[in-house]
Amino acid sequence: MAKMPYIAAIDAGIHQEMRRDPSVLYFGQNMATTENHDFVAAYGHDRVRVTPISETAEIGMAVGAALAGFRPVVELYMAEFMLVAMDQVVNEAPRFRYMSGGQVKVPLVLKAGYGFTCGWAGQHTGTLTAMFAGIPGLKVAVPATAADAKGLMATAIRDDNPVVFLHHYLLTLEQGDVPDGEYLVPFGVADVRRKGADVTIVATGWMVPRSLAAAEQLAKQGIDAEVIDPRTVAPLDLQTILGSVDKTGRVVLVDQATRHGSVSALIAADIAEQGFKALKAPVIQVTAADTTIPYSEPLEAHVLPSEAQIVAAVRRVLK
Amino acid sequence: MSVQQPNAERQIWIFTQMLRIRTFEERVKRSFTDHPGVIRGHTHLADGAEASIVGSLSHFREGDAALATYRCHGYPLVLGSDPKAAMAEIFGRVDGLCKGRGGSMHLTDVKHGFLGTSGIVGAGIPHAAGAAWAAQIRRKGNVVLCFFGDGASKQGAFHETLNISALWKLPVIFVMENNGYNVVTTTAQEDANAAAGEPLAVKAKAYSMPGVTVDGGDPLAVYRTVGEAVERARAGHGPTLVESKIYRLSAHGNIIAPPGVPLHYPEHEAIAVFGKREEYEAALRGDPVPRFRAGLVQSGVLTPAKADQLVSLVEKEMQDAVDFAIKSPYPTLESALDYNYA
C-alpha cells in the first residue's frame, strides 16, 4: 500500500497495464513531447505519441487501432473535448461490435477529466456522465478515490469494450492508499463507502466526499446514512442500490450534473420501477441547477450541490 | 517506383471481379421488385466504381486491411467474402456476414481483411489510419486501403486524418472515389478545388503527401496508380491520396420512404434533379465494365466466347446468392441483444 494522489494513481494503472501488455497504446495532445516523458521512456514512441489537436482523428484512430488488435488509451484531458468528436464516441466505437455481428471488438479507453468547477466557467466544467451512460456498447467509469482510480483504469484497459474513464478534476491531488502491485477494481460493483440504516445516499466522483461529509454531520444529529458509490455508471450496480433502499426505504441521489442530464435521474427511474414498495418517502435528487456553470465564485458555489443541500435533503426524506 | 502491368490471367481476374460486383449490385436492385419488402432502409450501389475498386484491391495481400463507407458491397466480394453471406446480410438474415445486425450499409468481414464500414460520411477515415498505426507498429510491411467519396473530403475527419497520417508516415492509401455528386449536390457546388477547376487530389498538398488523380473507369490505370501508392506505403514512406474519378451509374441510393411505400431506385440525379440526360448517357457509353471487356478482347486477352462464359458463371453465382439469402432465416429474437458487449 502506498499513499499517492488520485492523479498519480491513474498513471499507476496505465503503467501496470502497459508493462504487462505490449498492445496497450497511450496517446493524446501535449504529452510525450520529449524523450524524458515518463511513458515514452518506458515504452517508446511506437506506443506513446503526441497528437495534433484533432479529437476526431485521435478517437477515430483509437477505434481503428482497436479493430486491428491494439488497446489504445486516448488522453483527452477534458471531457468536453470529446464533444468535438462525439460521433466517434457515441456512434462509431460502441456500434462496430454489434453491427458486425460480433466479428470485431473495440477495446479502447477515453480518459478525460470532468467537473472542474473552480473558475473554469461554462465550457470546461460539465458533468456529462449521463450522456455516455445510456449508450449501449459503452462503459463508463467514475473513480472517486485514488485506489479506484488505479484499479478502474487497469480494468478499463483490460475490458474488451470502449470505456469512457472520467476522472474528477477536483479530486486530482486527493491522497489515498493505493494497493501496490497488480490491482484491478471490477466494473459494475458499487462500493458502500459508509454503512448506515436510516437513509441511502448515492453519489459519484467529487460528490462522494461531499456526501460523506454530510453523513458525518447527520451522524451528529443521530441520523445513520449509508453512502454508496457505484464507481461505474455503465454497467450500474443497481442491485447494491436496491438492496440498500430495501433496508432504509429512503433515498437521496447526489449528482454534480444538471438535473435532466444526470445519472441520478436514471437511477431514480430504476428505483421507482423496481424499488417502489420499499420506499417510505419520495426519492430526492440533489443536482446542479439547470444552468451553464458561471465563472464568478459565489455563483458557481450556488448552483452546485452543497453539503448543506445534501443534509437538508436527507432531513426531508426522513420527515 | 513502377508497377508492372498485370499479366493476362490477372487481367481476367480483374474483369471477373468487376463483373461480380456489377451483377451483385444488379441483383440488389432487382430485389426491390423480385422480392418487395425484403430489403429495408437504405442501399447504395457500386455500379460504375467496379474498375476503381478492383484495380485498388488487386494489391491487397495477407495482413492488409480495407475499410470503406456505407457504399460497401463491392469490396468484400473482391476480398473473398461469400456473396451468399453478403446478400443474406442485405436481406437481414442470420446467415449474413454480420448475422443481420448491420445490413447493406455495414458489411464487415474481418477474416478477409474488411474491418468495417461507417455509415457516417468521413467517419471511417480515421479508423483506417488507426489500423495503419497498428500495421506500422507490427513492421510486417502491411498497408491499409481507405475508401471514401468526394463528399467525405469536406469533413473534418478527412483533414485531421490526412494531417496525422502524413506526419506519422502511416502505411495507408486514401482512395477517394470522386463520382461527381454528394447525393444531389454536384462537387463544384461544395468543393472549393472543384469550383476553381482543380482536381480534388490537390488537397494532398496541404498535408505534404502525394496526391494523384486517375481515371477510375480504367482498372489498369487504377492498378498502376494505387500500386505505386501501396509500394510507397509498404516501404515506409507514408500515405498517398488517390482521387479516382468515376461515375456512379445508379442514383445515390434507393428512395427514402416510410414503411408502406415500395422502395426502388429512382432515376440518376443528373437527370432527375439537373435535367442533364446527355451527361448520364455519356457516362453509360463509358461504362467501365463493357469498356474493359472490349479492351481485353481487342488485346487478345479474352475471346468474346470466354467473356460470355464468365458472364454466365457470375450470373449463376449471384442467382445462387439471392436464392440462398431469401431462404436464410431471420435471427432469433432471443439473440437481439447479443454483441452489444464483448
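I count a residue as buried if 20 or more other C-beta atoms lie within 10 Å of its own, as exposed if 12 or fewer do, and as partly exposed in between, with C-beta atoms placed from the backbone. I note that this is a predicted model, in which local features need pLDDT of at least 70, side-chain atom pairs count only at pLDDT 80 or more, and totals for chains, interfaces and linings use all residues. Residues are numbered from 1 along each chain as its sequence is written, while chains are lettered from A and ligands numbered from 1 in the order in which they are written.

**Entry 1. Backbone exceptions in chain A**

I looked up A:N30 and found a positive phi of about 55°, although A:N30 is not a glycine. A:N30 sits in the loop between strand 2 (24-29) and helix 2 (38-43) of chain A; helices (H or I, at least four residues) and strands (E, at least two) are DSSP runs, numbered from the N terminus. Is A:N30 buried or exposed? A:N30 counts as exposed, because it has 10 C-beta neighbours inside 10 Å.

I then turned to A:R231, another residue other than glycine with a positive phi, here near 70°. A:R231 belongs to the loop between strand 11 (225-229) and strand 12 of chain A. With 27 other C-beta atoms within 10 Å, A:R231 is buried.

I also recorded a cis peptide bond between A:A234 and A:P235, with omega about 0°. A:P235 lies in the loop between strand 12 (232-234) and helix 9 (238-248) of chain A.

**Entry 2. Helix 1 against helix 7**

Two packed helices are described by the angle between their axes and the distance between the axes. I take axes as lines fitted to C-alpha atoms, for helices over the stretch in contact, with angles running from 0 to 180 degrees between N-to-C directions. In chain A, helix 1 (residues 6-20) packs on helix 7 (residues 146-158) at an angle of about 30°, and their axes are 7 Å apart. Helix 1 of chain A is therefore roughly parallel to helix 7 of chain A; angles under 35 degrees count as roughly parallel, over 145 as roughly antiparallel, 65 to 115 as roughly perpendicular and the rest as oblique.

The contact of helix 1 of chain A with helix 7 of chain A has 11 nonpolar, 3 polar and 3 charged residues. Here Ala, Val, Leu, Ile, Met, Phe, Trp, Tyr, Cys and Pro count as nonpolar, Asp, Glu, Lys and Arg as charged, and the others, Gly among them, as polar.

I followed A:A146, which is in helix 7 of chain A. A:A146 counts as buried, with 24 C-beta neighbours inside 10 Å. Leaving aside neighbours within four places in sequence, A:A146 has contacts that include A:M4, A:P5, A:Y6, A:A9 and A:E174; two residues are in contact if their C-beta atoms, placed from the backbone, lie within 7 Å. I also noted that A:A146 and A:G196 are 50 residues apart in sequence and 23 Å apart in space, C-alpha to C-alpha.

**Entry 3. Helix 8 against helix 12**

Helix 8 (residues 207-220) and helix 12 (residues 307-318) of chain A pack at an angle of about 55°, with 9 Å between their axes. That makes helix 8 of chain A oblique to helix 12 of chain A. By class, their contact has 6 nonpolar, 2 polar and 2 charged residues. From helix 8 of chain A, the residues that meet helix 12 of chain A include A:R210, A:A213 and A:L218.

**Entry 4. Chains and their contact**

Chain A has 12 helices and 14 strands. Its radius of gyration is 20 Å, close to the 20 Å that the globule rule gives for 319 residues, so chain A is as compact as a globular protein of that length; the radius is taken over C-alpha atoms, and the rule is 2.2 Å times the number of residues to the power 0.38. Of the 319 residues of chain A, 55% count as buried.

Chain B has 13 helices and 8 strands, and 54% of its 342 residues are buried.

How many residues does each chain give to the contact? Chain A gives 34 residues and chain B gives 33 residues. On the side of chain A that touches chain B, helix 3 of chain A gives the most, with 9 residues. The residues of that side of chain A divide into 14 nonpolar, 14 polar and 6 charged.
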